[in-house]
Amino acid sequence: YPMVRTYLTLDHFWHWIKSIEQGESINKYKLNRKNRDIVILKLFKDYINWDKNLQSEDSYSIKDILANENALRLLLSQKNIMKLKKNNAKEIYSRLHSGGMRIQRFYGDELFAEDNSIQKIRRSLNYLLWSDDDIDKRISALLRPEIHKLKHFGSSNVQELIGWVHDNLPIRNDKADEALEMLG
């Protein structure tokens with residue numbers, strides 16, 4: 001995937017392991033510490049074959065990842081972030097993998113946009129994504145109920161958003177963590 005950042009490809013690979021494959025190939029190949037390099041390569045080839053054979057229009061593929069990344073980067077650029085509107089906040093939330101179930105079950109994107117002022121969303125996301133403070137401090141600030149905490153925006157949302165916007169940081173959410181645990 002020469003047009004896709006490594007971190008985005010890895011996030012999709014972790015999604016495949018956790019949600020699509022559900023770790024079945026890990027057991028099939030008998031992944032252990034001694035053969036990890038060989039087995040992970042086999043798993044990645046299986047993932048590539050799966051991704052290239054997606055037929056359904058509903059499937060989330062590499063091309064969708066690029067569209068998602070471009071939309072989030074445009075909305076959350078330093079130039080645009082302080083101009084966000086409520087509908088932009090809802091779109092941002094809906095583009096996060098970590099918000100998918102909350103949207104389906106609880107209208108999480110609508111609650112996020114309704115229960116936070118747009119000024120606070122702008123200020124908090126700007127701090128998270130563009131402050132010069134250490135990344136750990138910025139993440140913590142959005143998770144504690146002080147100045148930057150946003151309602152309906154948990155640790156997976158916070159950590160995932162950083163990875164979509166910044167080249168040098170991975171997308172992190174519970175699904176990625178679980179896939180990594182499955183891989184040992």
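Biologist: How many helices and strands does the protein chain have?
Modeller: The chain has 11 helices and zero strands. Helices (H or I, at least four residues) and strands (E, at least two) are DSSP runs, numbered from the N terminus. This is a predicted model, where local features need pLDDT of at least 70, side-chain atom pairs count only at pLDDT 80 or more, and totals for chains, interfaces and linings use all residues. Residues are numbered from 1 along each chain as its sequence is written, and side-chain values use heavy atoms, leaving out hydrogens and water.

Biologist: What radius of gyration does the chain have?
Modeller: The protein chain has 17 Å. A compact globule with 184 residues would be near 16 Å, so the value agrees. The radius is taken over C-alpha atoms, and the globule rule is 2.2 Å times the number of residues to the power 0.38. Along its principal axes, the C-alpha trace spans about 50 × 35 × 35 Å.

Biologist: What share of the residues is buried?
Modeller: Of the 184 residues, 41% count as buried. Buried means under 20% relative accessible area, exposed over 50%, partly exposed in between (1.4 Å probe, protein chains only).

Biologist: Switching to α3. Which of its residues are buried?
Modeller: V39, L43, Y47 and D51. Seen down the axis of α3, they fall within an arc of 115°, so they line one face of the helix. That arc is taken from the directions from the helix axis to the C-beta atoms.

Biologist: Which helices do the buried residues of α3 pack against?
Modeller: They pack against α1 (6-20), α2 (24-28) and α4 (62-75). Contact means heavy atoms within 4.5 Å.

Biologist: How many aromatic pairs are there in the whole structure?
Modeller: A search finds nine. One of them is F13 with F44, edge-to-face, 5.1 Å centre to centre and 65° between the planes. Rings of Phe, Tyr and Trp (its six-membered ring) pair if their centres lie within 6.5 Å; planes under 30 degrees apart count as stacked, over 60 as edge-to-face and the rest as tilted.

Biologist: Where do F13 and F44 lie?
Modeller: F13 lies in helix α1 and F44 in helix α3, so the pair ties together parts that are 31 residues apart in sequence. F13 is buried at 3% relative accessible area, while F44 is partly exposed at 22%. F13 also pairs edge-to-face with Y47, at 5.6 Å and 65°.

Biologist: Which residues form the aromatic cluster?
Modeller: F13, W16, F44, Y47 and W50.
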